Amino acid sequence: MGKQKKQKKYATMKRMISLKDQRIKEQDRAKTQKKKKEDPSVIKEQEVAKYPSCMFFQYNTQLGPPYYILVDTNFINFSIKAKLDVVQSMMDCLYAKCVPCITDCVMAELEKLGMKFRVALRIAKDSRFDRLPCSHKGTYADDCLVQRVTQHKCYIVATVDRDLKRRIRKIPGVPIMYISNHRYNIERMPDDYGAPRM
């Protein structure tokens, strides 16, 4: 019978001497830290996450007619494809006055898309749309909308973009408007406001 070959073990770590070992010189050794006794009379401080005052109840109390709706670039494009009038369809969805708002970043994104999306740009420049100025650097619309919604909870976000929806769902108290079956629908809206349930 021959000798059995030993296979090399993969991903094995070399053994290391601990810093408290006696073989290491005195000045290189790790010193044991003495635990301080906690004083029971000291007040313990805890960091508590700040919540906006509008989220006192289960739903956002800042939402109410007239609704201010932040519109994304692709929402206007999909509205054109579905042959929907933006303002009228919003009012049909929410049964109240709606003010569509467009940020400078969304306008810049529409202008960058060129001649193919000139109809969407013309709709965005409509006088019924409120124009919101942006003070930050860059023109990435998704970050701009998320930042604005986290600061001010009075907006509804109108988008068809999956990634943006996923980001906004993490922010409490912000409803999302989207397009399905050739009409506008809304999710995460309080029942009191008369939004249709799908």
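In which helix is the place of Asn74? Asn74 has its place in helix α1, where helices (H or I, at least four residues) and strands (E, at least two) are DSSP runs numbered from the N terminus. The model is a predicted one, in which local features need pLDDT of at least 70 and side-chain atom pairs count only at pLDDT 80 or more, while totals for chains, interfaces and linings use all residues. Residues are numbered from 1 along each chain as its sequence is written, and side-chain values use heavy atoms, with hydrogens and water left out.

View 1. Asn74 is buried, with a relative accessible area of 18%; buried means under 20% relative accessible area, exposed over 50% and partly exposed in between (1.4 Å probe, protein chains only). Not counting residues up to four places away in sequence, Asn74 touches Thr159, Val160 and Asp161, contact being defined as heavy atoms within 4.5 Å. Buried residues of α1 include Thr73, Phe75, Ile76, Asn77 and Ser79. The helix, residues 73-81, lies across β1 (67-71), β2 (98-103), β4, β5 and β6, and runs at about 30 degrees to β5; axes are lines fitted to C-alpha atoms, for helices over the stretch in contact, and angles run from 0 to 180 degrees between N-to-C directions. Lys83, which follows α1, has a positive phi, near 60 degrees.

**View 2. The six-stranded sheet.** The strands of this open sheet are ordered β3-β2-β1-β4-β5-β6, and their pairing is mixed; two strands pair if DSSP finds at least two bridges between them. Because β3 (130-132) and β6 (183-187) stand at the edges with a single partner strand each, one side of each is left without a neighbour in the sheet. On average, and with direction ignored, neighbouring strands of this sheet are turned by 35 degrees against each other. Strand β4 (residues 155-158) pairs with β5 (residues 176-180) in the parallel sense over two bridges, and Val157 has Ile176 in β5 as its bridge partner.

**View 3. Strand β2 and its two partners.** Six of the six residues of β2 are buried, so this strand is largely enclosed by the rest of the structure. Cys98, Pro100 and Ile102 point one way from β2, whereas Val99, Cys101 and Thr103 point the other way. In a regular strand the side chains alternate between the two faces of the sheet. The pairing of β1 with β2 is parallel over four bridges, with Cys101 in β2 as the bridge partner of Leu70. The pairing of β2 with β3 is also parallel, over three bridges, and here Thr103 has Leu132 in β3 as its bridge partner.

**View 4. Helix α5 packed with helix α6.** Helices α5 (residues 141-151) and α6 (residues 162-169) pack at an angle of about 20 degrees, their axes being 11 Å apart. That makes α5 roughly parallel to α6, since angles under 35 degrees count as roughly parallel, over 145 as roughly antiparallel, 65 to 115 as roughly perpendicular and the rest as oblique. Asp142, Asp143, Leu145 and Val146 in α5 meet Leu164, Arg167 and Ile168 in α6.

**View 5. Ala141 in helix α5.** Ala141 has its place in α5 and counts as buried at 0% relative accessibility. Leaving aside neighbours within four places in sequence, Ala141 is in contact with Asp72, Cys105, Val106 and Glu109. The C-alpha atoms of Ala141 and Glu109 are separated by 7.2 Å, although these residues are 32 residues apart along the chain.
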